[in-house]
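Subject: Structure handover

Hello,

Here is the structure for you to look at. My notes on it follow below.

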Amino acid sequence: MFARVSTYQGGAEQLLEGFERAYFLTDSSADRAVTVTLWDSQTAMAASAEWASKARDHAAHDSGAAVESVRTYEVALTAEKSALR
């Protein structure tokens, strides 16, 4: 396992305001990846759109990948494994 850590000065609170969590999912057999970010409101998600677009483009460029699509959804249900027992 490896980690890349970037540091930023200024504006980080505003950049991540409303951010809750992120997942990066990969399917190496199909050479595909998906990111999912969760926000506490649609307003917070919309406020991050410009930054997120630049981040996606940068990540895709650096890895030789291409962004296929970006969609937004409302989370209708969350469940924890322990709650399903």
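The accessible surface of the protein comes to about 8300 Å². Carbon and sulfur atoms hold 52% of that surface. Areas are from the Shrake-Rupley method with a 1.4 Å probe, and for residues only the protein chains shown count as cover.

Before the details, some ground rules. This is a predicted model: local features need pLDDT of at least 70, side-chain atom pairs count only at pLDDT 80 or more, and totals for chains, interfaces and linings use all residues. Residues are numbered from 1 along each chain as its sequence is written, and side-chain values use heavy atoms, with hydrogens and water left out.

Overall layout

The protein has 3 helices and 2 strands. Their order from the N terminus is α-β-β-α-α. Helices (H or I, at least four residues) and strands (E, at least two) are DSSP runs, numbered from the N terminus. Of the 85 residues, 7% count as buried. Buried means under 20% relative accessible area, exposed over 50%, and partly exposed in between (1.4 Å probe, protein chains only). Take the contacts between residues at least 6 apart in sequence: 18% of them join residues at least 24 apart. A contact is heavy atoms within 4.5 Å.

The strands

Tyr23, Leu25, Val34 and Val36 make a nonpolar surface patch of about 320 Å². Patch residues have over 30% relative accessible area and no salt bridge; nonpolar side chains (Val, Leu, Ile, Met, Phe, Trp, Tyr) are joined within 5 Å, like charges within 9 Å. A salt bridge is a side-chain nitrogen of Lys or Arg within 4 Å of a carboxyl oxygen of Asp or Glu. Strand 1 (19-27) and strand 2 (32-39) each supply at least two of the patch residues. Tyr23 lies in strand 1. Tyr23 is partly exposed, at 39% relative accessible area.

Thr35 lies in strand 2. Beyond its neighbours within four places in sequence, Thr35 is in contact with Tyr23 and Phe24. Thr35 and Val70 are 35 residues apart along the chain, with C-alpha atoms separated by 9.6 Å.

Helix 3

Helix 3 covers residues 49-63. At 1.5 Å a residue, its 15 residues should span 21 Å, and the end C-alpha atoms are 21 Å apart, which agrees. The expected span is 1.5 Å times one less than the number of residues. Just after helix 3, Gly64 takes a positive phi of about 75°.

Ala52 lies in helix 3. Ala52 is buried, with a relative accessible area of 18%. Ala52 and Thr37 are 15 residues apart in sequence and 10.0 Å apart, C-alpha to C-alpha.

Best wishes
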